[in-house]
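Visitor: I would like to go through this model with you. Could we begin with how the chain is divided?

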Amino acid sequence: MKVLGIETSCDESAAAVIEDGHRLLSNAVASSMDLHAKYGGVIPEIAARSHIEAILPVIQQALDDAQCTWDDIDAIAVTYGAGLGGSLLVGVLTARTLAIAHDKPLYAINHVAAHIYANFLTSTSLPGLVMRQSQPSFPMLAIIVSGGHSQLVLFRDHFDYTLLGQTQDDAIGEAFDKVAKIIGLPYPGGPNVEKIAQLGDAYAFKLPKAKMAEKYDFSFSGLKTAVLRLAQAQIGEDYTFPSTKLPERLSEAQKANIAASFSRTAVETMVDKVLLAIEEFSPTSVVIAGGVAASGELRKQLTSKLPLPIEFPDFKLCTDNGAMIATLGYFKASLGQPAANPYTLDIEPNLSM
Ligand code: KG4
Ligand code: ZN
């Protein structure tokens, strides 16, 4: 069974073809990131316009790379939320039109849940990807760490899950992006903070970890503010000093130490709760999902601290892509979940797990 996945929730126009829920046949991505970088974040109108231009060529690329024609495709899966309204609309309207024109069943996919399904891909015909050896087993603890979400979710089986906890303010990726701004690194912050952190001392500074009322909830906004105060203190200024002027006053060594200490602390905050959840729920697998799953610091801490082995998806499958959408679409189709109506499927920008 071959599923075409379509993803346009943020700034990536992406499409991929997946076979039997585990084999990646193509993974086409066109990003409008360069257009947003100069503004320091994604501009929704620019993203939506870029999707309109990119989506059909990207879908064709995904079909060509997978050596498929429409006859070979058994179902279409598309992200309908969460995400930017204008961006989601382009993907959903495209998928609806294609489903009607080519008479294919259409599956509506939750973007955040789909990130988890990047872990179910175990083989590929594409060069340069490091795939997992096996699919995760249930019960499975999913650590969702993206620009918009930080959540711990316990899956007893496909489509049978409990949200254990989530961030009460900023998502972890958002915190990476904001800290990047404080120390003058361009958007997207995560990979840039990671790069400079490698030159710094992760124990140079002690930063706070928020104490939450609910055991599995998180908070990252206090940590971000603590980084701002630390940066101001490092140059001998107080809290009134404008954050926009910090980058020119901080030395490269100070920036690297701030990045490394922040990165370690943010990741520890997540991993501490993961360890608690493992103790309480005894999952047989732990998976990471979302853009911050590309973090080397997160992978390092999980590998060294978890009491069970963990496998990671390829870096290319951690940021937004069509492959994860197609994979969840496969499981929906093969496990009898209802298909969407291609004449009425609407977007849900605020969709949650
Ligand atoms: O899942 P994603 O691609 O988009 C959302 O659905 O949010 O996640 C993007 C987030 C950004 O905040 C980005 O800074 C972060 O993932 N990110 C990283 C790394 N690569 C991307 N954060 C830390 N370390 C990385 N290597
Ligand atoms: Zn995402």
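Guide: The C-alpha centres of domain 1 and domain 2 lie 27 Å apart. Domain 1 covers 2–136 + 315–334 and domain 2 covers 140–305; such bounds come from an automatic or database domain assignment.

Visitor: What should I know about the conventions here?

Guide: This is a predicted model, in which local features need pLDDT of at least 70 and side-chain atom pairs count only at pLDDT 80 or more, while totals for chains, interfaces and linings use all residues. Residues are numbered from 1 along each chain as its sequence is written, chains are lettered from A and ligands numbered from 1 in the order in which they are written, and side-chain values use heavy atoms, with hydrogens and water left out.

Visitor: How many residues of domain 1 are in contact with domain 2?

Guide: 20 residues of domain 1 contact 20 residues of domain 2, where contact means heavy atoms within 4.5 Å. The two domains bury about 1,700 Å² between them, 75% of it on carbon and sulfur atoms. That area is the accessible area (1.4 Å probe) that two parts lose on being put together, summed over both.

Visitor: What is the count of salt bridges between domain 1 and domain 2?

Guide: The count is zero between domain 1 and domain 2, whereas the structure holds twelve salt bridges. The term denotes a side-chain nitrogen of Lys or Arg within 4 Å of a carboxyl oxygen of Asp or Glu.

Visitor: Which residue forms a salt bridge with Lys224?

Guide: Asp170 does, with the closest N and O atoms 3.1 Å apart. The pair links distant parts of the chain, 54 residues apart: Lys224 is in helix α7 and Asp170 in the loop between β9 (160–166) and α5. Helices (H or I, at least four residues) and strands (E, at least two) are DSSP runs, numbered from the N terminus. Asp170, Glu174, Lys178 and Lys224 are linked in a network of salt bridges.

Visitor: Is Lys224 buried or exposed?

Guide: Lys224 counts as buried because its relative accessibility is 18%, and Asp170 is also buried, at 8%. Buried means under 20% relative accessible area, exposed over 50%, and partly exposed in between (1.4 Å probe, protein chains only).

Visitor: Changing topic, which residues coordinate the zinc ion?

Guide: His111 (NE2), His115 (NE2) and Asp320 (OD) coordinate the zinc ion (ligand 2), at 2.0 to 2.2 Å. Donors are N, O and S atoms within 2.8 Å of the metal (3.2 Å for Na, K and Ca); water is not among the atoms, so sites may look incomplete. His111 lies in helix α4 (residues 111–117) and Asp320 in the loop between α10 (296–305) and α11 (322–334), so this pair ties together parts 209 residues apart in sequence. Both His111 and Asp320 are buried.

Visitor: And strand β10, how many of its residues are buried?

Guide: Five of the five residues of β10 (residues 285–289) are buried, so the strand is largely enclosed by the rest of the structure. Ser285, Val287 and Ala289 point one way, and Val286 and Ile288 the other way.

Visitor: Which strand is joined to β10?

Guide: Strand β7 (residues 140–145) is joined to β10 by five bridges, and the two run parallel. Two strands pair if DSSP finds at least two bridges between them. Leu141 has Val286 as its bridge partner in β10.
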